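Hi,

Here is the structure I promised to pass on to you. Have a look at it first, and then read on for what turned up.

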Amino acid sequence: MSISLDVLRALPKAEIHVHLEGTFEPAVLERWARQAGVALPRPRERLLDFTGLADFLEFLDWACGLASTADRAAELARSFCERLARDGTGYADLIINPTHWSAWHGRLRALFDALEAGFREAEQDGLPGVGLCVSLLRTQTPDEAAELVDNLIAWRHPRVVALSVDGNEATAGRTGPRFADAFRRAAGAGLRRTVHAGESSGPDGVWDAVDLLGADRVDHGVRAIEDAALVDTLVRRGIALGICPSSNLALKVYPSLAAHPIDALRRAGVRVSINTDDPSLLGTSLPREYGLCAEHFDWDGEVVRSLARNSIEASFANPEAKDGMLRALVAWRAGSSPRPSVA
Ligand code: ADE
Ligand code: ZN
């Protein structure tokens, strides 16, 4: 059914698959590039036309390279929280991949502190909360993975909730075994685990995520649909998928929503959630993603509510924050006032 963006903004929900690297506003990037005397990687009118994941990841290196000061990092963190508030998102698990941030190589702790200043100021102003999922890149070595996990364990930064891995499995090949030890140690230190798989890999990548990396959640995971035994495993273990429909179209995983398996996975009993991945660079928002899917798959309000519930329950938010969002979700109405009162 068609549900208005206002009603979807009022839907209590969490976002569990979104990258800080994907939240640069194009106008901000252009300004920072001009100030630094750096050329755009291609003409302005085609700046955000990506040919696929590899091209997109290169663009992230360029964009993050411009965020070279603590003020810029804090501004990005604060703007992200403002985006959450605008979209009616109560909490986000936010992925950051240090490999993209060239100006901060060797100074990761300082980058965390700069971001923390932005998140803390936002929270003090009543904006939604954020947990950081610190990500390895698929093409990194086991030693690099060990070093990152050593640092995360030593620092115990209160903002960091999880270890993640993203990047391109198509160029990296099968890397589950390479990162198994890092993920095991992160788990032992109390960090949660979220793994990009089943986007640039097939079902084999998702199997590795659940069997070798102990993933609490799989980011994307959509190509699990190609393996019935894997779908059954995801259902039985209650492993949620952080699905990003428009990203999968923009980065050419599927040609259209008609070919996208989100509804088939949902019907099979998988805990699917809706997310944006890289909202500014892909030109979308969380309410828009819910709206596109509700319209295309003819979901009613109860289906939409169940997906929002999955997003909250599968998030790494603290129990009180989850409880508040879940109570508000009960009061949400798909067909009535856009701002339901919360008991
Ligand atoms: N980093 C940012 N977006 C990504 C995606 N869709 N897949 C892998 N790595 C990413
Ligand atoms: Zn992603």
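Let me start with a pair of residues in the interior: phenylalanine 24 and tryptophan 101 are both buried. Please keep in mind that this is a predicted model. The two rings form a tilted aromatic pair, with 6.0 Å from centre to centre and 40° between the planes. Phenylalanine 24 belongs to the loop between strand 1 and helix 2 (26–36), while tryptophan 101 sits in the loop between strand 2 (89–96) and helix 5 (108–124), so their pairing ties together parts that are 77 residues apart in sequence.

A second pair joins two helices. Phenylalanine 112 is in helix 5 and tryptophan 155 in helix 6 (residues 142–155), so this contact ties together parts 43 residues apart in sequence. The ring centres of phenylalanine 112 and tryptophan 155 are 5.9 Å apart and the planes stand at 90°, which means that the pair is edge-to-face. The cut-off for that label is over 60 degrees. Buried means under 20% here.

In total the structure has seven aromatic pairs. There is also an aromatic cluster, made up of Phe50, Phe56, Phe59 and Trp62.

Now to the metal site. Four residues coordinate the zinc ion (ligand 2): His17, His19 and His196, each through NE2, and Asp277 through OD, at 2.0 to 2.2 Å. Along the chain these donor residues follow the spacing H-x1-H-x176-H-x80-D. Histidine 19, in strand 1 (residues 13–19), and histidine 196, in strand 5 (residues 192–197), are 177 residues apart, and the pair links distant parts of the chain. Both histidine 19 and histidine 196 are buried.

- Aspartate 277 has a side-chain N or O atom 2.7 Å from a nitrogen atom of ligand 1.
- Glutamate 199 places a polar side-chain atom 2.8 Å from a nitrogen atom of ligand 1.
- Histidine 19 has a polar side-chain atom at 3.4 Å from a nitrogen atom of ligand 1.

Ligand 1 has 260 Å² of accessible area on its own, and the protein covers 100% of that.

Two other residues are worth a look while you have the model open. Arginine 193 is in strand 5 and is buried, with a relative accessible area of 15%. Its side chain reaches the backbone oxygen of leucine 191 at 3.0 Å. Tryptophan 207, in helix 9 (residues 203–211), is partly exposed at a relative accessible area of 24%. Between tryptophan 207 and threonine 233 there are 9.2 Å in space, C-alpha to C-alpha, with the two 26 residues apart in sequence.

Happy browsing, and do write back with any thoughts.

Best wishes

Terms used: Residues are numbered from 1 along each chain as its sequence is written. Chains are lettered from A and ligands numbered from 1 in the order in which they are written. This is a predicted model: local features need pLDDT of at least 70, side-chain atom pairs count only at pLDDT 80 or more; totals for chains, interfaces and linings use all residues. Side-chain values use heavy atoms; hydrogens and water are left out. Donors are N, O and S atoms within 2.8 Å of the metal (3.2 Å for Na, K and Ca); water is not among the atoms, so sites may look incomplete. Helices (H or I, at least four residues) and strands (E, at least two) are DSSP runs, numbered from the N terminus. Buried means under 20% relative accessible area, exposed over 50%, partly exposed in between (1.4 Å probe, protein chains only). A polar contact is a pair of N or O atoms within 3.5 Å; within protein, one must be able to donate a hydrogen and the other to accept it, and residues adjacent in sequence count only if both atoms are side-chain atoms. Accessible areas come from the Shrake-Rupley method with a 1.4 Å probe; for residues, only the protein chains shown count as cover. Rings of Phe, Tyr and Trp (its six-membered ring) pair if their centres lie within 6.5 Å; planes under 30 degrees apart count as stacked, over 60 as edge-to-face and the rest as tilted.
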